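Open your viewer and get ready to select a few side chains. We will go from ring to ring.

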Amino acid sequence: MRLRSLVAGTALAATSVLTLAGPAAAAPRPAYEADVVGVVRIDPSDPTSAEIQVRYRCTDDAGLWISVKQTADRSADPRLAEEGSSAISAAWSDSHRETVTCDGRVHLGTFTVDLDEAWPGRPGQAPLRKGEGYVQFCLTDPDAPGPEGLVLSHSEFVHVR
C-alpha cells in the first residue's frame with residue numbers, strides 16, 4: 001500500500017511539473033511567417049510566368065512582393081541571395097499585384113510571377129527554366145514606405161519545373 005501511494009504521489013508531482021512547464025516553454029508565434037510549399041511550376045504556355053504556393057501568416061494588412069530569380073546555369077547560386085543579385089539574373093519573374101489575407105490565421109496561397117511589371121532594360125527578362133530558383137516572399141506595411149516598411153522577408157532556393 002505504501003509503495004502504491006509513493007508511486008501515485010510521484011506520478012502526481014511529475015504531472016504537476018509538466019503541466020506548469022508546458023505553457024511557460026511555448027514561444028509566442030511571430031506576427032508574420034512564410035514558407036514555400038513544393039516547387040515553382042512554370043506555365044507550359046508562357047515560361048516567363050510561374051506559380052508558387054506559399055504557406056503564410058500575417059496579422060496586419062500587408063502588401064506582397066514575390067519573385068523567382070535564376071542564373072544562366074539555373075543552379076542554386078548563393079550570389080542570388082546577395083544585394084544587387086539582379087545583375088547576375090538570367091531570368092527574373094515577379095509580382096507586386098498579388099494579395100494576401102492577413103487575419104492572423106495560416107493560409108496557403110498560390111501566387112503568379114511573370115514579366116508583366118518588368119521595366120525596359122531590366123536584367124533577367126528571359127524565360128524561367130527547369131533547375132533551381134531563388135524565391136523571395138516579402139510582406140510590406142502599406143503605411144510605411146521604403147525599407148522600414150518591410151515586415152517579412154522570406155527567401156529560399158526552390159526547384160523550378
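Here is a short tour of the aromatic rings and the charges beside them.

A note before you click: this is a predicted model, where local features need pLDDT of at least 70, side-chain atom pairs count only at pLDDT 80 or more, and totals for chains, interfaces and linings use all residues. Numbering starts from 1 along each chain as its sequence is written, and side-chain values use heavy atoms, with hydrogens and water left out.

**First stop: Y56 and F137.** The structure holds 5 aromatic pairs; rings of Phe, Tyr and Trp (its six-membered ring) pair if their centres lie within 6.5 Å, and planes under 30 degrees apart count as stacked, over 60 as edge-to-face and the rest as tilted. Select Y56 and F137, a tilted pair with 6.0 Å centre to centre and 35° between the planes. Y56 belongs to strand β2 (residues 46-58) and F137 to strand β6 (residues 131-140), so this pair ties together parts 81 residues apart in sequence. Strands are DSSP runs (E, at least two residues), numbered from the N terminus. Y56 is buried at 4% relative accessibility, and F137 is buried at 0%. Buried means under 20% relative accessible area, exposed over 50%, partly exposed in between (1.4 Å probe, protein chains only).

**Next stop: K69 and W92.** Here the charged end of K69 sits over the ring of W92, 4.6 Å from its centre. That label requires NZ of Lys or CZ of Arg within 6 Å of the ring centre and within 35 degrees of the ring normal.

**Last stop: W119.** Select R122 too; R122 lies over the face of W119, 5.4 Å from the ring centre.

Terms used. Helices (H or I, at least four residues) and strands (E, at least two) are DSSP runs, numbered from the N terminus.
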